[in-house]
Amino acid sequence: MTIDQILRLLEEAQASLAKNALQQPQDRDAFEYGRTVGMYAGLEHAKDVIVNMVADRERKEYDF
C-alpha cells in the first residue's frame, strides 16, 4: 500500500464521518457531536503526520 492510498483512505473515512453526522443531525447530542469532531480532527492529524514524515524522509535523503 502506498502513502497516497493511505491518505486517500483517511480522506474517505473523514468524508464518510462528516456525511453521517450531517445526515442525522437531530439524533446527535453534544457528546456525539464532540466525538465526531474529535474523530474528524484525529484523521486530519494522522494525514498531517504521514505527510510530514514523508517530507522529512525525502529531505534527509536529499541532504545526503
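**Figure 1. Overall form of the protein chain.** The protein chain has a radius of gyration of 16 Å, whereas a compact globule of 64 residues would have one near 11 Å; this radius is taken over C-alpha atoms, and the globule rule is 2.2 Å times the number of residues to the power 0.38. The model is predicted, so that local features need pLDDT of at least 70 and side-chain atom pairs count only at pLDDT 80 or more, while totals for chains, interfaces and linings use all residues. Residues are numbered from 1 along each chain as its sequence is written, and side-chain values use heavy atoms, with hydrogens and water left out. Along its principal axes, the C-alpha trace spans about 55 × 20 × 10 Å. Of the 64 residues, 16% are buried, where buried means under 20% relative accessible area, exposed over 50% and partly exposed in between (1.4 Å probe, protein chains only).

Figure 2. On a 1 Å grid over the protein atoms alone, a pocket is an open set of points where a 1.4 Å probe fits, with protein on both sides within 12 Å along at least five of seven lines, and lining residues have an atom within 4 Å of a point. Helices α1 (3-23) and α2 (30-63) each supply at least two lining residues, and the largest share, five residues, comes from α2. Among the residues of the lining are Leu17, Ala21, Pro25, Arg28, Glu32 and Tyr40. By class, the lining has eight nonpolar, one polar and two charged residues (Ala, Val, Leu, Ile, Met, Phe, Trp, Tyr, Cys and Pro count as nonpolar, Asp, Glu, Lys and Arg as charged, and the others, Gly among them, as polar).

**Figure 3. Gln14 and Lys47, in contact across two helices**. Gln14 lies in helix α1 and counts as buried because its relative accessibility is 3%. The side chain of Gln14 makes a polar contact with the side chain of Glu44 at 3.0 Å; such a contact is a pair of N or O atoms within 3.5 Å, of which, within protein, one must be able to donate a hydrogen and the other to accept it, and residues adjacent in sequence count only if both atoms are side-chain atoms. Beyond its neighbours within four places in sequence, Gln14 is in contact (heavy atoms within 4.5 Å) with Tyr40, Leu43, Glu44 and Lys47. Lys47, found in helix α2, is likewise buried, with a relative accessible area of 11%, and, with the neighbours within four places in sequence again left aside, Lys47 is in contact with Leu7, Leu10, Glu11 and Gln14.

**Figure 4. Gln5 and its side chain in helix α1**. Gln5 counts as partly exposed, at 31% relative accessibility. The side chain of Gln5 reaches the backbone nitrogen of Thr2 at 2.8 Å. Gln5 and Ala46 are 41 residues apart in sequence and 14 Å apart in space, C-alpha to C-alpha.

Definitions and conventions: Helices (H or I, at least four residues) and strands (E, at least two) are DSSP runs, numbered from the N terminus.
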